[in-house]
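Please keep the view open as you read.

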Amino acid sequence: MTEKSQDESVETLADAKDPGAETENSAASTEDSSAADHAAEPIAPARKPAAAPARESRAADASASPEPPSLSASSAPSESSAPSESSAPSESSAPSKPSRPSVRWSRPTPARPTPSKTDVPNTDLSSFFDDLDAKFLGAARRVGAAFRRPPAPEQPSPEGQPSSQLGRNGRHTAGQHPSAPTENVDSAPFAFVHPAPGTESSPLSLPRPRRGLDEQRQREVILEKAAAIEAATAWNQQPTDRELLESADDEEDLFTYIPPYNMPSRDPDPAPVRSDLYRQLFVTTGALAALASLVWMFGLFPASPAILGGNGLDELAGGWYSGGQALLSPNANFYWLWPIIVLGLLAHAVHQWTTTQISTPRQRRSGWQVGSASLFMLLWTFAVHQDMLTLAALASLAAALALIDAIRQFTFRTARTGMERRFSDTTTGLFTGWAMVAAMSSLSIWLTAMGWRVPGIPAVLWALLGLGICIWAAAYYAMTERGRIAVALGMGWGMFWLIFPRLLSEVTSVWVAISAAMGAFVVILATESRRHKINHAERRAAMGRPVEDII
């Protein structure tokens, strides 16, 4: 507040207290207004400097020393009474002689006493919202204290501090100082916890859900039990050295192709020896013998009925090979596969003279067997033309056994090239399947012709037993390597021509016909399935995809 405003306020108060004096001095003030203005100029500067410090000191005292309202109120009249008394003579002497008006000193406005809060209860709506936050915070703390779990027993920490002041990681909890005293909230659930003086209030800590603690504990218990079971199982079932070597990583096994047959050998062939030349000559001789047998079957030799293209089987060997007298003898058309086999044997003989096949281990192990089987077929042809059933049965059985051993040698040593597979494996496989059926037929004819009977066992049962052995042997060797479809086709050809005589000839057997048909179908289907699985796995391995298991 400025001095001018203070002067105006003091004049207003003086006028309010003495209205009569104002009316008396109004005339004098109006008459001598100009004289009063000139007379007040030299006096005011001399007195105002003294009054200004007094007003400033009083205002400073009033602000520095807060006194009760009663004291301030009582001091106000005393201060105002001094000028009023001093101004009284001037007012009374105004009618006697004209004098200049008295100067009224301004006084500071007294401070308004602050009403006490305890006197009148504050029921204002704004005051309710002012302390609403404090009320809500106190209620929340009381609720949290009611649901708070009892504190764990204190344990000395490594640093020597009580555990109540440390968190899980050994640090002080947020919002608390190590030296700040804490109250036991659990002892008084609804007591409001006040923070210690000089410290910040800690944030509201709500109780942790017990459901989450229970689930966490259950997971920990399950993990502990699983670890104990795994440790006990690993201790009791420790793998052996062989199992460790055979076991591989599961992810690597998915992309690692392990073929179910022996991989072709990339080792160089050994140096040729004299026995290699003998073997080549023997294989060539066998192919020529097979060609002679074929010519003989066509009846090109003098005084020999034609087996192929004629009714020679009805006349030769008493008609036993015609297919109508024994349960396992096929129709005469069965022998029409022999010309194809002979062409394959001739190609095989030429192929084994090439430089890549002179001393190869495959030819060394299988050449002698293939040449022997060709010679045995020439012997079988001779025996049939000479009505020698025993010799014919032995020759056909020996040819089949020799070819089976040749297939075994091919399985141990896989073909290295496509030409080697076609000229060696395919020809020998077709010959093997056909020779198995021929050997079964020759044995059945020989036993029937000899009149072998077992009391109590019918002939059909013996026929089914022999048929089962032939089908099993053909299926076993057809499933070797990548799947020898040539063996399955050779055997299937013979079984096909066995069905018609058993249904249309004099010696009929539905069981034999059905077994022959089912046997041929199963062998061909199993062989083709193996070939498809291996080809599929090799293609996926070549593309870098996971490889399925192959049985």
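In which helix does Leu 525 lie?

1. Leu 525 lies in helix α18. Please bear in mind that you are looking at a predicted model.

2. Leu 525 also belongs to a nonpolar surface patch of about 990 Å². Two helices, α17 (485–504) and α18 (510–542), each supply at least two residues of the patch. The helix that gives the most is α18, with 6 residues.

3. Now for the record. The unreviewed UniProt entry carries the annotation "transmembrane region" for residues 281–301, 335–354, 366–383, 389–407, 428–447, 459–478, 485–504 and 510–527.

4. Two of those annotated spans are worth a look in the model. Residues 366–383 are 100% helix and 0% strand, and the end C-alpha atoms lie 26 Å apart. Residues 459–478 are likewise 100% helix and 0% strand, with 29 Å between the end C-alpha atoms.

5. Turn next to helix α6, which takes in residues 132–146. From first C-alpha to last, its 15 residues reach 21 Å, close to the 21 Å expected at 1.5 Å a residue.

6. Which residues of α6 are buried? They are Gly 138, Ala 140, Arg 141, Gly 144 and Ala 145. These residues sit on the same side of α6, because they cover an arc of only 165° around the axis.

Note on methods: Residues are numbered from 1 along each chain as its sequence is written. This is a predicted model: local features need pLDDT of at least 70, side-chain atom pairs count only at pLDDT 80 or more; totals for chains, interfaces and linings use all residues. Side-chain values use heavy atoms; hydrogens and water are left out. UniProt positions are given in the numbering used here, feature names are shortened, and annotations may be inferred rather than shown by experiment. Helices (H or I, at least four residues) and strands (E, at least two) are DSSP runs, numbered from the N terminus. Patches are made of residues with over 30% relative accessible area and no salt bridge: like charges are joined within 9 Å, nonpolar side chains (Val, Leu, Ile, Met, Phe, Trp, Tyr) within 5 Å. Accessible areas come from the Shrake-Rupley method with a 1.4 Å probe; for residues, only the protein chains shown count as cover. A salt bridge is a side-chain nitrogen of Lys or Arg within 4 Å of a carboxyl oxygen of Asp or Glu. The expected span of a helix is 1.5 Å times one less than its number of residues. Buried means under 20% relative accessible area, exposed over 50%, partly exposed in between (1.4 Å probe, protein chains only). The arc is that of the directions from the helix axis to the C-beta atoms.
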